[in-house]
Amino acid sequence: MEPHEEKPIIYTMENKPIVTSLYGSLTQQLPREPMEWRRTYGRAPKMIYLEANFVQFKEELLPKEGNKALLTFPFLHVYWTDCCDSEVYKASVKEDMQRWQAALRLHGSVDWIIAVVESDNKKKNKTNLLPRTSIVDKIRSDFCNKQSDRCVSLCEPLKESSRSQESWSSFLTKLRTLLLMSFTRNLGRFEDDMRTLREKRTEPGWSFCDYFMVQEELAFVFEMLQQFEDALVQYDELDALFTQYVLNFGAGDGANWLGSFCQPVRSWNGLLLRRPIDMEKRDLIQRGEASLLDLRSYLFSRQCTLLIFLQRPWEVTARALELLHNCVQELRLLEVCVREREFRHVCEACVNKKLKEALSSVEAFEKHYLELSHAAMEMYRAIGRLRSARLVGKSLAEFYMRKGDPQSAENFLLDSLKSYVSESWGLPLTHTRKQIAECQKRLQKMDEYLQTSALLASDTNLSDDERRHFCQEILTFATQTAEGKGQQKDARVALSMSSFTRLQELRFRPSSALVHVSAALQLELRLCSLMPVPVTLEQISASIHFTQEQPGSTAQKRAAQNPDGTVTFPAASPASGSASALELCEILEHSSSDNALSSAGVACRNMHLLMRRHDSSTSLDTPNTAPAVAMEDAAQMLRASDVTLLPGNNSIVFTAPSQKPGTYTLRQLCATLGRVQFILPHLYPVVQYEVYSQEPQLSIQPLTEHLLAGLPQQVKFTILTGHYSVKKGDALQLSNTDSMPVLHSSTCSARILSSSAELLAESALSIQSSEKVTSISLPVTPPYHTLEFLLEVLCHIPSCPARMESERLTNGQISRRSRTRFNSGMTLIDQKVSVDCPWSIYSTLVSLTFHVPFTIKHSLLSAGRRKFIQVCLRNVSDTNFRLTNQTLTENQHSPSLELCSLNTKTHSLVFRQQCVFSVWELRWSGVLPVSVHCEFSAAFAPADAPDAALKPYRYDFTLERVSTLYSVRAEIRPAEGEQQCCTGSLCRLEVSLTRLSEASDSDEEYSETDGLRSSRLLYEVMDNSSNWAVCGKSSGVVSMPVAAMATHKVHMEVMPLFAGHLLVPSIRVFKYQPRLTSPVIQPDTDSCLENDSLSLEDQAETASLRSRGSVQSLGSGESAQPRGPMPKRQAFGPGQVFSGTQGQQVLVLPAADLHLMEVNVT
Amino acid sequence: MAVCIAVIAKENCPLYIRSVPTQGELKFHYTVHTSLDVVEEKISGVGKALADQRELYLGLLYPTEDYKVYGYVTNSKVKFVIVVDSSNTSLRDNEIRSMFRKLHNSFTDVMCNPFYNPGDPIQSKAFDSIVSTMMVQAC
C-alpha cells in the first residue's frame, strides 16, 4: 500500500486546456516547503508539508448539504485563465466565472482563487492593447471586492526566467496559505460538529458506530495530511470512549447501542495487520453489526497501522498485550459467552495459520504448545527472568504429569524448586515438593521419594492429614521391607536427619565434660521431632572419633561448650543458610611444663562458611536434597535403643564410654527405623569430651595466711590420688628435723573426698614418730579421690636471729633445711619438709615459710656511773600475745655483776604491731668487765587462747665498754658585772671534763710524760639549734691525766642570739690521736684496722656509733691516699661519756635597747 | 484495592504476604515470586544511571489476564508488591503510589521496633491493619 495515496482535493476550473501542463509541477512543488499550521483549541502549531490532487471541477461532484465526508471535500477551488484580452474576458470568461462563483456560493464554499496565467508570446502580439494588469484588475474588481489576494497573476510559469520563478513561488505560497486556511476552517467546523454529536451521546438513539465513522473521518484526514499523531489521537479517543462505555455497562449503566456488542462470540478471525484498513470490519461497524471483537480488532489494526507510520513498532506489542487482557475483561463485563478461548501470552506470537493448525488435532496442539513453551522458557532465560522461566517449566511439568510422563516432568520440577528453596518461599516450595513427591512415586525413585516425604511430613504448611500421610509412607516402607524382598534386605536407605528432627541441645553430666578414666559420663541429647506422629526408632546412635591424649594438651578448652556443659545447636536459619554472624571463641594455650598461659587469641569458627564466595549464580542453585549421606564406621558409639520420639521436644540420654584417656569427638548421628536410616553427617558445633588420667599429687599448705614460728601451727595435707589407689598400709614418711618437730595428737583424722568434692568418709589417722621419721598411715582411698588431713607443726625460733645453721639429714645428706630471711621487718624461716610417698620412689620436698612474730632491740643507758639495760620487744605479727617471765641474765655468771629488774609487771599484753619495753639496772662491784654477755628470755602465748602453752623466746646480746670514763659539764654564766645573760652580749661558757675512773679501755691511747699517764681528748661545742654564736674556737684538744677525778676546765665565750630559755650547747668528746711526725711506723694490722675504721680525715662529725666489725676504710684509706700527718679522732662507746648538763637551760634576757623588734608569728 | 500485598526482603525471601482469602493463596505466591524477575530487571536497569534520584515506585510490573502487579523498591532493596484485580480499572496510578507510600511508612515503623529482627517475617499488628485497609474487603 502506498500511504500517500490520498491527498486533499483541489477542484480546478479552466477555460483553456493549456494550464493542464502546470499541474504536474504544481503537485510536485507544493509539498516542497513546509507551512506553519496554527491550530485551534490551543493545540501546538506545527509545520506541515501540503500535498494536493487537482481534480476537474464538476458541479455535481460538490458535496451535498449534510454530507460530512471530509475525504472528498474540496478544500480549494482554482479558476485558471490565460485570458489577456479584455474583450474576450467580457464576452465569455467573466460569465463563466460568475457561473462558477454562483455554484461555489450555492455550496457554501468560500475557498477559491483565480489564477491568471500570462504568457509572453501573447503579450508580444497584442502590445498595443490594454496593459496586462488591467485584466487582473478587472477580475479583482469584479469578483474580489474585499479579498484582492484571491486573484493571482502567474507569469510565464513554464519559463526559467527570474520573473516567472518569482511569480511562481509567490503563487505557491498563496496556494498553500489558502489551502491551510481552508483546512483550519473546514476541520474546525467538522470538529465542532463532531463534538456536538458526541455531546448527544446520552440521548436515546445515539449510536456509537455512527459516531465512530465521523471521528474516523477526521482521523483519515489527519492521516491524509500525514499527521499520524493526530490521527492516532482520534482512535485513542474512540478507544477510551468505548472502554468507558463497557465499564459503565459493567457497573450497570448500560447503553442501548451496546446490545449489538453483546452477541456471543462464535468465531474470531484473528488479527490482520497487513491491510491498513480492514474494509470488511469497517463495513460491519458502519452497519452496526460488528461484534466486540470485530470492533476491537478493527480499532487495534488502525492503531497499529498508525504506530508503524510513526515508527514506533514496539508500542504495537505493548498495546497488543493490553488489548488481549482488555478484551477478556470486556467480554466478561459484557457477559459475552465465549466458546473457545485460549488467550495465553505465549500465543501472542502465534500467527493465525499456526493457531488453526494447532487446533486441528490434539497432537498438533501438543506439539505447538511444547514448542511455544520451550521458546518462552528460552526467551525468559535469555533475558534473565529465571523465575518466570521456571514457572513456565513448572506448568510444562504439570502438563507432562497429566500426560503420564513423570520422567520429563521431574527435571522441570526440581529446577523450579531451586528458586523457592533458595529464596525460602514456603507455599510454592511445599506445593512444588508435593508435585515432586507424586512424580518420584510414579517413577519408583524410592530413596528420593522417601526423602521428599520426610520433608513434607515435617512441613507445617501442609495439613495434619497430609503430613500424616507422608509420614505413614516412610513408616510403611520401613516395616514392609523388613519382611519381603530378601535380595534387598541389606540395602538400607539413608535419609538426611535434618528433615526428620532438629537438634536443639546437648548436655554433659558432669558439666565439665572432663572425667577421669572409667568414670561415668552422660550425654543428654534434646531434639525436636518434626514428624506429626510418634515414631519408634530401633536405635539412635552417635559415632565417636577418639584421639589419644597428647601430653601437654590437656588444658585445651572445648570452645563450643558453655560452662554449664551444654552445646546449643544453632537453629536452621530461614534465609537459606545466610548465617552471616561471626561465631567467635577464645583460644587459650597453656604451656605444657608449668601450665602458664603461653598464648591467647580469638578464632572464628565458621570462617569456612563466611569466606565462601557469594555469587548470584549459587544463590538460586542450592541443591534440593542433601548430598548422599552415608554412615561412617566408627569404633565407638553412643547408643540408645527403642526410643520413641514424640512430636515436639524429646530427650535422649546416652552413656559415654571413657575407658581410655583422650579426646572423644562426636561425629555423626544416626536414627534407625527399620530399613530407613536418618543420618546427620556432621555434628556442628563440635561436641567433645575428654577422659584423663592423672598422677597422684601431694601438697602441703598452711591453714592460715601466715605460719608463725614458735607456736604450734596447722598445715593441711592434700593428696589427689589420681590413678593410684591408696592401699592398706600405705604411709607417708616425713623426715624429722629438730627445728620443726611434728606435733601429733590422737584426734587427727583424714577426710576422703570424691572428684566432685563430695565428702565420702572420715577416718582416724595413725601417726608414729621415730627419731628420724614420722610415719602417717593413710586410709584406703580409691583412685581419683582427694585425701585431706591436718597436722600440727612447730617451728622453733632460732635464739640468735643472725645465725644460720645446717643440719644433718636422716639420709646422711648435708643440706640447708631451714633458712632465715628478713623481709619487710619480719623474719621469715623457710622450712623444707621431705616426704616419701607410697606411689613414688622419690621424695617430695615441700617448702613451708614461717614468720617470726617478734623483733627485738636492746640499748645501754647511763646516768653518771650507773648503767641501765633496756630491751624493746616489738610484735610484728597480726596476733596479740601474752608475754610473761621476762628475765635478763648475765651469761658468764660473774659474781661481781648484778642485774636488777626495774619492771613492775611480770605479765603484759603485746598487741599487734606494738612494743613492750623492759629495763634492768646493771650493778657491779669492783671492775666492770669490758664486755657483758646477756640473755633476754620471755614466754609468750596467743592472747586469745588463755590455756595455750607458753612458748619461750630468747635473745642473746653483748654489751661492750660499759663503764663511764668521762663526765662532761657545761655552764653558762653572764659576763662579768652582769646579772643576767642578754642577747647580743657575750657570756662565759665553762666546760669541765672529769675523768671518772682510773681504769681504762684497752684501746685507749696514752702518752706517758714524767711518769704521768695522760690521754688526749678532743672536745667540740655543738649547737644544733643555732641559739649561740661561739666566739673563737669551738673545739680544742686537752690532755687528761689518767687518774680518777682529774678535771679539766675550758673557758669559751659565747653569745646568745635569742632571748628566752635556751638550751646549753652540747659538748662532744672524742679520743684524739695526733699524727705528729712522719714517717709513721706502721702499726700491726690489727690495731691499724681498729684505728683506721674509726678515723676520718675530713673532721666530719662521727656522731653515730659504728659497729666494731666495720671494715669500711680498710682498703681505701691505705691505698687511695698516702697517710699524711693528719690528726684523728675516735668516738667513745655509748656509755663511756656522760653528759651531766644535757638538756639544761639558761635564761637569756632580751637586750635593753629595743629599737629593733622582731615579731615572729607562727 | 489490592487483592494481594507482599513485602520481600533484599535476599528475595518473603517477609510478609497476604492475599484476599477468597482466591487461592498459592496462586498469589507464584505471581509475586515471578514478579521479582521484573523488579530485578527494573532495579538493575535503573540502578547505575540514576542511583541518587531513583524513583522507588517501579510502576506496573506486568499485567496478567486477571491481575495487575505493581512494584516498589526501598533504598535498602526491600520490595513491595501489590496485586490488583485488573477489572478494577478505577484505580489510578497515583492511588497505587500512595498505597505504596503508606506501606513503606508502616514498614519503616516495623523496622524501628527494637524487638524486630531484620530478616524475620513481619508479625506486627499495626502493619497488618495498615495492609487490611488497602486490601479488597472480602465479601
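A: Happy to! A word on terms before we start: a helix axis here is a line fitted to C-alpha atoms over the stretch in contact, and angles run from 0 to 180 degrees between N-to-C directions. Please keep in mind that this is a predicted model.

Let's look at helix H6 of chain A, which covers residues 208–224 and has 17 residues. From first C-alpha to last, H6(A) reaches 24 Å, close to the 24 Å expected at 1.5 Å a residue.

Now for the two ends. At the start of H6(A), the backbone nitrogen of A:Cys209 has a side-chain oxygen of A:Ser207 within 3.1 Å. Just after H6(A), A:Gln226 takes a positive phi of about 60°.

One of its neighbours is helix H9 of chain A, residues 292–309: the two pack at an angle of about 10°, with their axes 13 Å apart. Angles under 35 degrees count as roughly parallel, and H6(A) and H9(A) are therefore roughly parallel to each other. On the H6(A) side, the contact is made by A:Phe208, A:Phe212, A:Glu216, A:Phe220 and A:Glu223. H9(A) contributes A:Leu295, A:Tyr298, A:Leu299, A:Arg302, A:Leu306 and A:Phe309.

Conventions
Residues numbered from 1 in each chain as written. Chains lettered and ligands numbered in written order. Predicted model: local features only at pLDDT ≥ 70, side-chain atom pairs only at ≥ 80, totals over all residues. Heavy atoms only, no water. Helix = DSSP H or I, 4+ residues; strand = E, 2+ residues; numbered from the N terminus. Expected span 1.5 Å × (residues − 1). Polar contact = N/O pair within 3.5 Å; in protein donor to acceptor, adjacent residues only side chain to side chain. Parallel < 35°, antiparallel > 145°, perpendicular 65-115°, else oblique. Contact = heavy atoms within 4.5 Å.
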